[in-house]
Amino acid sequence: MISRLFTLVLLVSPLAHGLSADPIYDETQVPSYTLPDPLVFKNGSPVTTPAEWEKRREELLRLFESHVYGKTPVGRPTEMRFESRKKVNGFLGGLATLEEIRIHFSPAAEEPFLDLLVIKPSQIPETGAPTFLALNFNGNHSIHPSPEITLSGSWMRTSEEDVKNGLIDDNRATENSRGSKSSRWPVEKLIKSGTALATFYYGDIDPDFDDGFKNGIHALFGQPAADEWGSIGAWAWGASRAMDFLTTDKDIDKERVAIFGHSRLGKTALWAGARDQRFSLVISNNSGCGGAALSRRCFGERVGRINTAFPHWFSDAFLQYNENEAALPVDQHQLIALIAPRRVYVASAVEDEWADPRGEFLAAKHAGPVYELLGKKGLGVCDLPGLNTPVGDTVRYHIRAGKHDVTDFDWEEYIKAIKSIAAARR
Ligand code: GTR
């Protein structure tokens with residue numbers, strides 16, 4: 001039997017084997033590493049057919065649950081319900097309609113809930129509109145200045161700058177914060193392209209601070225065990241509940257729903273997309289460590305650092321890989337492979353070294369063999385492309401000029417990617 005081991009030997013420095021907690025910013029200091037093969041079962045036997053991949057996929061999902069993100073409850077609470085709270089026709093000067101839906105998880109408790117904002121083009125084709133389901137950091141009202149969007153009353157993370165600028169007061173959003181993140185949300189551009197946008201505030205599902213999992217959705221399901229979901233697992237689960245609603249809306253093309261997230265929400269989008277096969281395109285925008293970047297490169301943010309700064313994001317089991325990335329039974333190219341044969345778009349920014357753009361590129365590339373086994377093409381290039389030059393098709397990648405952010409360039413490419421998927425047949 002031929003093992004499909006592939007080894008990446010990079011320049012090794014005797015001083016750096018990834019043993020120190022310090023981030024590496026120099027390619028020559030990246031330790032040599034061997035990536036675990038997505039196409040070899042835990043017991044060493046190779047995966048050679050799509051049917052075998054289905055079994056390997058389950059095995060890999062369990063490994064990511066047990067060692068990285070934690071086990072997540074399967075499916076929706078039986079008593080979950082959707083409440084339409086607002087509908088506006090003639091939004092954006094008549095270009096769009098707006099609807100606000102509250103997803104209730106339990107009849108017994110008002111909280112937690114998920115407030116989903118859905119903005120659709122006024123003219124919807126027979127097949128429904130391709131739709132971005134996007135998690136946001138600052139409340140639905142932060143994506144656009146319109147007073148029609150309800151101001152979130154949920155707990156918000158804050159920074160000195162947000163307080164100084166009067167955007168957040170006592171961890172609650174103020175009226176000033178309407179549209180405060182609109183540079184990252186070109187709503188008119190999306191609508192004019194014929195796509196719909198559904199978005200929700202991630203803190204509705206789990207407020208982003210380490211409270212020992214007392215609040216958010218964890219309060220409803222009970223204290224997680226060491227191998228159960230952290231906040232990324234919870235946010236990803238929330239995305240699937242938002243998808244549950246979208247499948248009830250005839251204006252949405254169910255075959256063309258993309259899950260989108262930036263940074264920690266890019267990590268979330270990948271985990272949501274790996275688990276939930278209803279997402280036909282998964283977009284990781286500058287997701288970095290614990291997202292698209294290979295952990296074994298130890299470049300930029302590292303496992304030990306992320307687990308220290310954000311102890312609530314992953315399961316406690318992930319802690320054992322602090323300063324010990326080589327011992328991980330998985331690496332992030334396998335997370336991307338879990339999305340196969342569906343589309344995935346990994347996007348980096350050249351100044352975002354903390355997120356390791358090259359590591360994000362390599363993970364997308366090394367997911368390729370799984371795509372090929374399933375009859376699709378992988379990334380199709382060996383080397384990091386030039387700036388602002390997307391490569392690949394089913395697996396697509398770009399590195400754009402600039403810093404850690406979401407820009408119009410990114411969205412223009414995501415629009416092309418979602419529109420290249422065939423519309424649902426009706
Ligand atoms: C950083 C964190 C990154 C990334 C980012 C964000 O502080 O180190 O992993 O998630 O936050 O989400 O904005």
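Author: Let's start with Lys 189, which is partly exposed, with a relative accessible area of 29%. Here "buried" means under 20% relative accessible area, "exposed" means over 50%, and "partly exposed" is in between, using a 1.4 Å probe and protein chains only. A quick word on the source: this is a predicted model, where local features need pLDDT of at least 70, side-chain atom pairs count only at pLDDT 80 or more, and totals for chains, interfaces and linings use all residues. Residues are numbered from 1 along each chain as its sequence is written, and side-chain values use heavy atoms, with hydrogens and water left out.

So who does Lys 189 pair up with? Its side chain meets that of Glu 412 in a salt bridge, at 2.7 Å from N to O. The term covers a side-chain nitrogen of Lys or Arg within 4 Å of a carboxyl oxygen of Asp or Glu. Lys 189 belongs to helix H3 (residues 187–192) and Glu 412 to helix H11 (residues 408–419), so this pair ties together parts that are 223 residues apart in sequence. Helices (H or I, at least four residues) and strands (E, at least two) are DSSP runs, numbered from the N terminus. Glu 412 is partly exposed too, with a relative accessible area of 34%.

The structure holds 32 salt bridges. Another one joins the side chains of Asp 208 and Arg 157, at 3.7 Å from N to O. Asp 208 is in the loop between strand E9 (196–201) and helix H4 (216–221), while Arg 157 is in the loop between strand E6 (129–136) and helix H2 (160–164), so the bridge ties together parts that are 51 residues apart in sequence. Asp 208 counts as buried, at 1% relative accessibility, whereas Arg 157 is partly exposed at 35%.

Now for a pair inside one helix. Arg 241 forms a salt bridge with Asp 244, with their closest N and O atoms 2.6 Å apart. They're three residues apart in helix H5 (residues 231–246), which means about one helical turn separates them. Arg 241 is buried, with a relative accessible area of 5%, and Asp 244 is buried, with a relative accessible area of 5%. Elsewhere, salt bridges that share partners link Glu 27, Arg 297, Asp 356 and Arg 358 into one network.

As for H5 itself, the helix is mostly covered: 16 of its 16 residues are buried.
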